[in-house]
Amino acid sequence: MPCLSRPFLLGWLLALWWLPAAVAAAPLTLVDDLGRRVELAGPACRILSLVPSVTETLFALGAGGQLVGRTDFCTYPPAALQLPSVGAYDNPNLEAVLLRRPDLVILSADMSNPAALARFEALRLPVYIVYPRSLDGVARQFEQLGRLCGREAAAAELGRRFAAVRQQVARQAPAQGPRVLLCVMVEPLIVAGDETLMGEMLRLCGGRNVAPGQRFPQWNVETLLQADPQLILVSAHPGQPRPETFFERWPLLQAVRQGRLVQLEADWLQRPGPRLIEGLQALAAVVRQAAQVQP
């Protein structure tokens, strides 16, 4: 079989993509998180998700069968690993994308490469961009994804569960919560400030963030010792199985003295998807417990 040149292969894949994948029932128009108008012939039947939280949400809505591709980082739920990967979310393989024949591509504004969006638009691929920076933004994302995949009822139910948990943790929040450090990683020491999704979750649960202002500042040891949090929340990352050992080197910290170094699943706090429900519940429980032992 003769070798095919790259331009020829791309042309063939593009022609294949233009073959109709499904007949839509009714036109659908939405505005994405960057204010872009996105028009579809109907709910998408072949969705390529380049956002881990979106992949997770679509499975939660019962739309896993409508996904035709994912990124290397879309690892939850386990069923997502059965989908073919098109590479990294910021630099997907264009040929792999075309082979999947998507009728909708979903990108994240803060994770994707603008060049990828330009390539998709040049190929006239419908692209919806998500950018949830708050709990209200996450709730809107659930609703919008439900419309995009034709699972409005499931999205409404997920939204109700999310709203109920938000109301519950707000009611149970202590009047005087502990001073909390939200640690994103330890080497270097990156923390989450008030202007982040994690920061909003902490406020809702009654905790007081010791890193106000900036979104994700990098701290040195002097800043850490001066802040002296009463509760430190950490998450394990590859190569850092026990990030709490970083803080144990400073036993004078209140959180260390009181044994308030708590590890929570990173995706529960940092991934704007359905598992924020578990994240809010776990965070609220830790904050309430720490509030009971404040000096």
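These are my notebook entries on a few spots I looked up in this predicted model.

**Entry 1: Arg-215**

I started with Arg-215, which sits in the loop between strand E11 (208-209) and helix H8 (221-227). Is it buried, exposed or partly exposed? Its relative accessible area is 29%, so I put Arg-215 down as partly exposed, since that class lies between the 20% and 50% cut-offs. Next I looked up its contacts, leaving out residues up to four places away in sequence. Arg-215 touches Arg-133, Val-191, Ala-192, Gly-193, Glu-195 and Thr-196.

**Entry 2: helices H6 and H7**

Then I turned to helix H6 (residues 152-172) and helix H7 (residues 197-205). Their axes come within 7 Å and cross at roughly 55°.

**Entry 3: cysteines**

How many disulfides does the structure hold? I found zero. I looked at two cysteines for burial anyway. Cys-74 has 0% relative accessibility, so I count Cys-74 as buried. Cys-183 comes out at 3%, and Cys-183 is buried too.

**Entry 4: cis prolines**

I went on to peptide bonds. The one from Tyr-76 to Pro-77 is cis, with omega near 0°. I placed Pro-77 in the loop between strand E4 (67-69) and strand E5 (87-88). The bond from Glu-187 to Pro-188 is also cis, with omega near 0°. Pro-188 belongs to the loop between strand E9 (179-186) and strand E10 (189-191).

**Entry 5: positive phi**

Last, I looked up backbone angles in residues other than glycine. Arg-124 has a positive phi, near 60°. I found Arg-124 in the loop between helix H4 (114-122) and strand E8 (127-130). At 62% relative accessibility it is over the 50% cut-off, so I noted Arg-124 as exposed. Asp-228 has a positive phi as well, near 45°. Asp-228 lies in the loop between H8 and strand E12 (231-234).

Definitions and conventions:
Residues numbered from 1 in each chain as written. Predicted model: local features only at pLDDT ≥ 70, side-chain atom pairs only at ≥ 80, totals over all residues. Heavy atoms only, no water. Helix = DSSP H or I, 4+ residues; strand = E, 2+ residues; numbered from the N terminus. Buried < 20%, exposed > 50% of the residue type's maximum accessible area, 1.4 Å probe, protein only. Contact = heavy atoms within 4.5 Å. Disulfide = S-S within 2.5 Å. Axes fitted to C-alpha atoms, helices over the stretch in contact; angles between N-to-C directions.
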